[in-house]
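Subject: Handover of a structure and notes on its contents

Dear colleague,

Please find below the structure that I am handing over to you. My notes follow it.

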Amino acid sequence: MATSAFPVLQRLSNSIPLDGAVQLDLVEGVLIFRASVQVQARVEVLLEKQQSEGLTEAEEEELDCYEEIDDYLSFVNRTVRNAAAGSMVA
């Protein structure tokens, strides 16, 4: 089974915290990357504001960046889990 090409992030918003943005969890012996609690809280604020009053252009860009990062982390986590599963079978 061929894996997808590694996704490429085009940019990071200046509002995204670079320090402490990702937390590491160990799940069944496999390292999993997740958005930190503060990043998750910021995304929730943006989503609530989007529903209630709408976002500014800068906030839309920020939310889009968070979505790209979430997709990126999901890809990395799938790749790591698949590699770990493959090494357990071998």
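This is a predicted model: local features need pLDDT of at least 70, side-chain atom pairs count only at pLDDT 80 or more; totals for chains, interfaces and linings use all residues.

Residues are numbered from 1 along each chain as its sequence is written, and side-chain values use heavy atoms, with hydrogens and water left out.

The core. A nonpolar core is a set of buried Ala, Val, Leu, Ile, Met, Phe, Trp, Tyr and Cys residues joined through side-chain atoms within 4.5 Å. Buried means under 20% relative accessible area, exposed over 50%, and partly exposed in between (1.4 Å probe, protein chains only). The largest such core has 11 residues, among them Ile16, Val39, Leu55 and Leu73. Helix H1 (37-52) and helix H2 (57-89) are the elements that give two or more residues to this core; helices (H or I, at least four residues) and strands (E, at least two) are DSSP runs, numbered from the N terminus. H2 supplies the largest share, 5 residues. Not counting residues up to four places away in sequence, Ile16 touches Cys65, Tyr66 and Ile69, where contact means heavy atoms within 4.5 Å.

The largest pocket. On a 1 Å grid over the protein atoms alone, a pocket is an open set of points where a 1.4 Å probe fits, with protein on both sides within 12 Å along at least five of seven lines; lining residues have an atom within 4 Å of a point. The lining comprises 23 residues, of which Ala35, Tyr66, Ile69, Asp70 and Leu73 lie nearest the centre of the pocket. Strand S2 (30-35), H1 and H2 each give two or more residues to this lining, and H2 gives the most, with 10 residues.

Phe6. This residue lies in the segment before S1 and is partly exposed, with a relative accessible area of 48%. Phe6 touches Tyr72, Phe75 and Val76, again not counting residues up to four places away in sequence. Phe6 and Phe75 are 69 residues apart along the chain, and their C-alpha atoms are separated by 7.9 Å.

Glu28. Most residues other than glycine have a negative phi. Glu28 is not a glycine, yet has a positive phi of about 55 degrees. Glu28 is placed in the loop between strand S1 (22-27) and S2 and is exposed, with a relative accessible area of 75%.

Yours sincerely
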